[in-house]
Amino acid sequence: SESNLLDQGIELCITGKLKKDLYSNQVREIVTKHPGILLTGYVSENEKLDLYLNAIALLSPSLVEGFGIPVLDSACLGMHALVSDSDSHLEIQSIDDFNKYIHIAQTLDSLDWALGIQALVFQQKKLCYTPSQERVRRLTRYNKKSSDILKEFYTQINKLITPRKVD
């Protein structure tokens with residue numbers, strides 16, 4: 001709500017199934033007060049792809065993060081992401097050229113998030129004028145990054161399993 005994106009016609013989409021706990025109830029309460037926030041519930045793989053191809057940016061404000069696959073996917077697509085300063089997000093940011101796409105915000109600073117979101121929207125708003133070109137760019141980049149990561153994985157595996165020559 002601090003970002004005032006609804007005034008620009010931009011909605012926030014919260015994905016995933018909410019639980020029946022205090023935190024999820026608080027999220028539901030906030031959403032009912034802000035018409036610019038959508039709850040999707042469970043997202044299928046097809047719906048997830050549609051979101052990745054059409055979103056202005058990904059937001060990942062996780063306090064605790066395992067590895068951060070959505071953030072990795074976002075960077076592989078070349079879609080900008082505003083993420084918390086968790087160790088896994090910092091690690092992903094250091095891979096390849098991902099620092100161009102992954103922007104860090106202080107986890108508990110709502111003003112930092114609001115300003116970061118506003119900056120991303122300002123920077124990426126031009127995508128609204130060429131959405132089909134952006135979707136093609138993202139898919140092309142994703143296929144290339146996926147191939148590069150797989151090749152590097154196989155290279156590292158081969159190094160581990162190939163016997164070393166003894167002099």
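This is a predicted model: local features need pLDDT of at least 70, side-chain atom pairs count only at pLDDT 80 or more; totals for chains, interfaces and linings use all residues.
1. Start with α3 (69-77). Seven of its nine residues are buried, so the helix is largely enclosed by the rest of the structure. The buried ones are Val71, Leu72, Asp73, Ser74, Ala75, Cys76 and Leu77.

2. What do those buried residues pack against? Their partners are the helices α2, α4 (87-93) and α6, plus the strands β3 (58-60), β4 (81-84) and β5 (102-105).

3. On to the strands. β3 and β4 run parallel and are joined by three bridges, with Leu58 standing opposite Ala81 of β4. Together with α3, these two strands make a right-handed β-α-β unit.

4. β4 also runs parallel to β5, this time with four bridges; Leu82 has His103 in β5 as its bridge partner. The chain gets from β4 to β5 through α4, and that β-α-β crossover is right-handed too.

5. Have a look at the second largest pocket, which holds about 160 Å³ of space. Which helix gives the most to its lining? That would be α2 (45-54), with five residues. α3 and α6 (131-161) each supply at least two.

6. The lining of this pocket divides into five nonpolar, two polar and three charged residues. Among them are Glu45, Lys48, Tyr52, Leu139 and Asn143. Asp73 and Leu77 also line the pocket, and both belong to the buried set of α3.

How values were computed:
Residues are numbered from 1 along each chain as its sequence is written. Side-chain values use heavy atoms; hydrogens and water are left out. On a 1 Å grid over the protein atoms alone, a cavity is a set of points where a 1.4 Å probe fits but cannot get out, and a pocket is an open set with protein on both sides within 12 Å along at least five of seven lines; lining residues have an atom within 4 Å of a point. Grid points are joined across faces, edges and corners, and a volume is the space filled by probe spheres set on the points. Ala, Val, Leu, Ile, Met, Phe, Trp, Tyr, Cys and Pro count as nonpolar, Asp, Glu, Lys and Arg as charged, and the others, Gly among them, as polar. Buried means under 20% relative accessible area, exposed over 50%, partly exposed in between (1.4 Å probe, protein chains only). Contact means heavy atoms within 4.5 Å. Two strands pair if DSSP finds at least two bridges between them. A crossover is right-handed if, with the strands pointing away from the viewer, the path from the first strand over the helix to the second runs clockwise.
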